[in-house]
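Subject: Handing over the structure

Hello,

Please take over this structure from me.

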Amino acid sequence: MLARQQDPIAAVATAAGRGAVGIVRVSGQGLEPLMQTLLGRPLQSRQATYCAFLDHSGQAIDRGLALYFPAPHSFTGEDVLELQAHGGPVVLQLLLARVMEAGNLVASSGRQPQLARLRLAQPGEFAERAFLNGKIDLAQAEAIADLIDASTEAAARSAGRSLSGAFSNEINALRDRLIQLRLLVEATLDFPEEEMDFLRQADAHGQLACLQQTVTNVLQKARQGALLREGISVVIAGQPNAGKSSLLNALAGAELAIVTPIAGTTRDKVQQTIQIEGVPVHVIDTAGLRESSDEVEKVGISHAWNAIEAADVVVFLHDLTRSGNADYVNDDASIARLLAEKLSTRIPVIDIWNKADAVSDPQQRTGLRLSAKTGFGLDALRRQLLTLAGWQSVSEGVFIARQRHVQALRRVSDHLSVASSHLLGFAGALDLLAEELRLAQDALNEITGEFTSDDLLGVIFSKFCIGK
């Protein structure tokens, strides 16, 4: 470990604000003298003890539960002390300050040479130490943050499966099978004079094909997990008074956006996150798209285009009651051309014909008819949004995942595809086959942290809350 990672650390481990209980957590090596100074008594391992938390004069700052988890049987793999006090912010700051004071007093006294000077933990540093000490792998560490941040029940359950090791187990099983195939290839490279064809005898073609299919299956689950974690961004766009704010309110089931007959009521983005089959859907209502001389409205329209270009799906809302108005139809056509010019092909646009309750429209149109007022057609829109996002019904096997996991698995799939082409015409290409298999294994190792740059670790753990 680096010297920084050997320092004992402390932090408030509960969320900011008032609560019934707040926790101050300490992790390091040789915490017994610190416990004696803070509590005036030793603690039994892994047993909650009700006691006073003492200041420098021996007076009680507060009374609560103290728990001691000796290494290696703790979350971080080091000695861990947790003080559960009343959850007022002043009390917790006083207790944390006393922990820091007592820790540094013990370190400077020389009574405990193992205990370095105590310092405040960085964001995610407790989880980082658990990873570095082999208590969890990187995918499990990320699942801790994902469980805390889960915005739907499905996301929380999937994060729990990842934290328990479901995702890591699939990745490790893939890696083990990949290593076996690499061994066969390396054996053929190292002993070319052997008459036995290791690859044919071990059905290397079959093994590689099976690996590719398994990667495809895991990648599909990872995509579903990434959707559960990150959701999809849906922007409602269209001309003024097409019913964009009404549609947002209908999808959210609440009056979030102001709805009036006056064109240009919405001047800026209004966003609400809803759930569809457990998937977070971030719905954004935008200013009506039109030419305007109003400076405030022009800024809102600019923000609308920025949101449209960053969306996962764009809902282009049309007003059926104005479908016979030539000027309105021409303006809609202009917006459609701009959408085609500005958006990449990966961003789908759904044509939605609103106000179906107000007019009979026998004309065959591309897209969906709905009424934001009555709710007609909303379920069909919800289903189409999930379909375009690539969502499939939640199964118990789905685990939470991140885009970096999806990208790593795609690289694995690409390397295995190239490896397959080398294997099919392997004469003179075994070294290239071996290299592609090695690169595939490296990509798998990045997911669990077996092979991960320090820069990536810094980015991942810096996004955790302090005390975790």
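Below is what I found, from the whole chain down to single residues.

The model is predicted. Please keep that in mind throughout.

**The whole chain**

The protein chain has 468 residues, and 48% of them count as buried. Its secondary structure comes to 15 helices and 12 strands. The chain exposes about 22,400 Å². Carbon and sulfur atoms supply 52% of that area. The structure holds 0 disulfides. C210 is partly exposed, at 39% relative accessible area. C465 is partly exposed too, at 42%.

**The six-stranded sheet**

Start with the open sheet. It has 6 strands, in the order β8-β9-β7-β10-β11-β12, and its pairing is mixed. Which strands stand at the edges? They are β8 (270–276) and β12. Each has a single partner strand, so one side of each is left without a neighbour in the sheet.

Now the pairs. Strand β7 (residues 232–238) runs parallel to strand β9 (residues 279–285), with 5 bridges between them. Here I236 stands opposite D285 of β9. Strand β10 (residues 313–319) is paired with strand β11 (residues 349–354), also in the parallel sense, over 6 bridges. H318 faces W353 of β11 across that pairing. On to β12 (residues 368–369): 2 bridges join this strand to β11, and the two run parallel. W353 stands opposite R369 in β12.

Helix α11 (residues 326–342) belongs to a right-handed β-α-β unit with β10 and β11. This helix lies across β7, β10 and β11. It runs at about 170 degrees to β10. Helix α12 (residues 378–389) also packs on the sheet. It touches β7, β8, β9, β10, β11 and β12. Its direction makes about 175 degrees with that of β11.

How many of its 9 residues are buried? The count is 7, so α9 is largely enclosed by the rest of the structure. The buried ones are K244, S245, L247, L248, N249, A250 and L251. Their cover includes β7, β8, β9, β10 and α12. G253 follows α9 and has a positive phi, near 70 degrees.

Go back towards the start of the chain. Strand β5 (residues 79–87) is mostly covered, with 7 of its 9 residues buried. Strand β2 (residues 19–28) pairs with β5 in the antiparallel sense, over 9 bridges. G19 has G87 in β5 as its bridge partner. Strand β4 (residues 60–69) is antiparallel to β5 as well, over 5 bridges. There, L67 is bridged to E82 in β5.

The loop between β4 and β5 holds P72. A cis peptide bond joins A71 to P72, with omega at about 0 degrees.

**A buried methionine**

M100 sits in helix α2 (residues 89–109). Is M100 buried or exposed? It is buried, because its relative accessible area of 15% is under the 20% cut-off. Which residues does M100 touch, leaving out those up to four places away in sequence? They are A10, L118, R119 and L120. R119 is 19 residues from M100 along the chain, yet their C-alpha atoms are separated by 7.0 Å.

**Two residues with positive phi**

R46 has phi near 60 degrees. It lies in the loop between α1 (32–39) and β3 (49–54). At 51% relative accessibility, R46 counts as exposed. K355 has a positive phi of about 70 degrees. Its place is the loop between β11 and β12. K355 counts as partly exposed, at 23% relative accessibility.

That is the handover. It is yours now.

Best wishes

Methods: Residues numbered from 1 in each chain as written. Predicted model: local features only at pLDDT ≥ 70, side-chain atom pairs only at ≥ 80, totals over all residues. Heavy atoms only, no water. Pairing = 2+ DSSP bridges. Helix = DSSP H or I, 4+ residues; strand = E, 2+ residues; numbered from the N terminus. Right-handed = clockwise from strand over helix to strand, strands pointing away. Contact = heavy atoms within 4.5 Å. Axes fitted to C-alpha atoms, helices over the stretch in contact; angles between N-to-C directions. Disulfide = S-S within 2.5 Å. Buried < 20%, exposed > 50% of the residue type's maximum accessible area, 1.4 Å probe, protein only. Areas by Shrake-Rupley, 256 points an atom, 1.4 Å probe, with all protein chains shown as cover.
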